[in-house]
Amino acid sequence: MKSLEHLLSTYKSVHLNKQNIATHFIGIPLILWSVALLFATLSFTVVGIDTNVMQVLAVVIFTYYLLLDVKLGLIAILLIAPIWFHAQSFVAHQSPYLLAIGVFVIGWLFQFIGHFFEKAKPAFFDDLKQLLIGPLFLVAELCFLIGLFSQLEQQISKEALKLRAAINSDLKN
């Protein structure tokens, strides 16, 4: 498993522009919400317990975050879980699929507008795992803004700049 530092550095390497990061603070939560709603509509029962695909995915994703870093993973759970719980409350909506798809499209519009400012392709174009890292990146960025994990911030910023220089060099060749 790749380290937290490597994964965040790779993600940050195409998220250096403040406008891009700002659009991601809108787009990623919208995408998370819409995906949660879609997967929450897929319910099933296991040993007499009613659940849905979203709840199973939440356990898997949050476990992954905790394995990467316990402190950051716990903060991610505190910040992301309410988005997913809120989305699940819309399962009984008259048109949950239409609502989810609409929010999903709007979320991705924000993402691609951000990458227009960045002048770099989204991180998941090269590694689909970066789709899981995006939400954790936002959590890390929030932590950095309030002064938490400053050593991690320095490490990933330094490595991200190196990675971005390599990307730009490859584009020129």
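Does Trp108 count as buried or exposed, and at what relative accessibility? At 17% relative accessibility, Trp108 counts as buried, a class defined as under 20% relative accessible area, with exposed over 50% and partly exposed in between (1.4 Å probe, protein chains only).

The model is predicted, so local features need pLDDT of at least 70 and side-chain atom pairs pLDDT 80 or more, while totals for chains, interfaces and linings use all residues. Residues are numbered from 1 along each chain as its sequence is written, and side-chain values use heavy atoms, without hydrogens and water.

A search of the whole structure gives ten aromatic pairs. Rings of Phe, Tyr and Trp (its six-membered ring) pair if their centres lie within 6.5 Å; planes under 30 degrees apart are stacked, over 60 edge-to-face, and the rest tilted. Two of the pairs are tabulated.

| Pair | Centre to centre | Angle between planes | Class |
|---|---|---|---|
| Tyr11 and Phe137 | 4.8 Å | 45° | tilted |
| Trp108 and Phe124 | 5.3 Å | 65° | edge-to-face |

Tyr11 belongs to helix H1 (residues 4-12) and Phe137 to helix H6 (residues 130-145), so their pair ties together parts 126 residues apart in sequence. Helices (H or I, at least four residues) and strands (E, at least two) are DSSP runs numbered from the N terminus. Both Tyr11 and Phe137 are buried.

Trp108 is in helix H5 (residues 96-118) and Phe124 in the loop between H5 and H6, so this pair links parts 16 residues apart in sequence. Trp108 and Phe124 also belong to one aromatic cluster with Phe104, Phe112 and Phe125.
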